[in-house]
Amino acid sequence: MHTSNNLKKLPPYLFAEIDAKKQELRKKGVDLIDLSIGDPDLPTPKHIIDAICEGAHDPNNHRYPSYNGSQEFREAAAIYLKNTKNVVADPDKEILTLIGSKEGIAHIIFACTNPGDVVLVPSPGYPVYTSASIIAGCEVFEMPLRKDNDFMPDLKAIPKDKLKKAKLIFINYPNNPTSATATDEFYKEVVEFSIKNNLILCHDAAYIDIAYDGYRSPSILEFDGARDVAIEFHSLSKTYNMTGWRVGFAAGNKDILSALGKIKTNVDSSATAAVQHGGAVALESSQDCVKEACKVYQKRRDVLINGLNGKGWKIEPPKATFYVWAEIPEKTDSRTFAAKIMEKTGVVITPGVGFGIAGEGFVRFSLSYPTARIEEAVQRISSL
Ligand code: PLP
């Protein structure tokens, strides 16, 4: 059986060990608390499900959707950007529907690079930046996100030879897995840097609305010059608990979006029309449901951090995302530590190294699990 040479270059799946251990413990009847999964446990709000059902009954939605996404959905995305970020975007040229942001993130690499080009990716980071770059035959340069730089990449440290060959840079704030937010200074710097170095700037904004303590995460499109070089990936998955429905959108530079659209026209036929109808209702309606979900995550965040701090852990409460990125309180590596916690307590957490070498020394807790179970996880870990 033949597979592509690039497919063979994909790094080994670092969570395989954890998955096997999870299965083994489950078989033994261990009551696992799985805080390794970044998938909201909260249901999709009713008004959105009702709209999807209504859309499903409309025979117009039983036919192929339009390639760029429905007019209704793209207009709703423009309304959302205006209402929440004060960004004005043309729904016809500056917004493109995605089947969840993951496919857009992967396809943009195929649209805008050639084999041998360098793609600049954050490390630790969402694995798709790297895997899609490898499948496209690109070279990946990892920009470390270090604690002493508040988990923002040091753009000045990118070697000149890599920068010369670089075509695309990914950033992601609020960040998975570090839960860090970026400063306005960083957004301005990365826009200027991308203009100067002729880079396409891709901002992954999957967690842009999951925020606490009054924090508001900006869109990169709010910053001067961004529209010349940037596109931003939005996901309805985390904002409206819609991971299973598969819908998102990209917004920003019209030429970059047109290239992405060209790839998509040739490999898919856009998101399900009824789901786009529900997505439009989500984006246009009151955002109170998002605030309610954030309140739930904030409570869980506090339960976890207040419970672990003082017991050897020193965790800063994140301002955004539903993850907690915690420095390991022992002198050991993140895989050994996560395996020990699972073995001894049944609590599953993700070793930081799984997100890239620079994630070593940390573990990630996901807050997408019922509050009572997070309380129990804290008790189990604290009693170690
Ligand atoms: N970006 C980041 C940082 C993520 O963590 C995820 C999913 O976990 C995605 C993008 C993709 O989300 P979706 O394809 O559901 O929109």
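Predicted model: local features only at pLDDT ≥ 70, side-chain atom pairs only at ≥ 80, totals over all residues.

Visitor: What volume does the largest pocket have?

Guide: About 1200 Å³. The lining counts 44 residues, and those closest to the centre are Phe 15, Tyr 126, Pro 127, Val 128 and Phe 355.

Visitor: Which helices and strands each supply at least two residues of that lining?

Guide: Those are α2 (16-27), α5, β3 (118-123), α6 and α10 (236-239).

Visitor: And how many lining residues of the largest pocket are nonpolar, polar or charged?

Guide: There are 21 nonpolar, 15 polar and eight charged residues.

Visitor: OK, let's step back. What domains is the chain divided into?

Guide: Domain 1 covers 5-43 + 288-382, and domain 2 covers 46-284. Their centres, taken over C-alpha atoms, are separated by 25 Å.

Visitor: How many residues of each domain are in contact with the other?

Guide: 33 residues of domain 1 touch 34 residues of domain 2.

Visitor: Where does the largest pocket lie, then?

Guide: Domain 1 and domain 2 both give residues to its lining, so the largest pocket lies between them.

Visitor: What about the second largest pocket, how much space lies in there?

Guide: About 470 Å³. Here 21 residues form the lining, with Phe 151, Thr 178, Ala 180, Glu 316 and Pro 317 closest to the centre.

Visitor: Which element brings the largest share of that lining?

Guide: Strand β9 (residues 323-327), which contributes four residues. As for the domains, domain 1 and domain 2 each provide at least three residues of the second largest pocket's lining. By class, that lining splits into eleven nonpolar, four polar and six charged residues.

Visitor: Back to α6 for a moment. How do the axes of α5 and α6 cross?

Guide: Helix α5 (residues 101-112) and helix α6 (residues 128-135) have axes that come within 9 Å and cross at roughly 35°. The crossing of α5 past α6 is right-handed.

Visitor: Which residues make that contact?

Guide: From α5 you have Lys 102, Ile 105, Ala 106, Ile 109 and Phe 110, while α6 brings Val 128, Tyr 129, Ala 132, Ser 133 and Ile 135. Sorted by class, the contact of α5 with α6 has eight nonpolar residues, one polar and one charged.

Note on methods:
Residues numbered from 1 in each chain as written. Heavy atoms only, no water. Axes fitted to C-alpha atoms, helices over the stretch in contact; angles between N-to-C directions. Left-handed = near helix turned anticlockwise from the far one by under 90°. Contact = heavy atoms within 4.5 Å. Nonpolar A, V, L, I, M, F, W, Y, C, P; charged D, E, K, R; others polar. 1 Å grid on protein atoms, 1.4 Å probe; cavity = no way out; pocket = protein on both sides within 12 Å on 5 of 7 lines; lining within 4 Å. Points joined across faces, edges and corners; volume = space filled by probe spheres on them. Domains from an automatic or database assignment.
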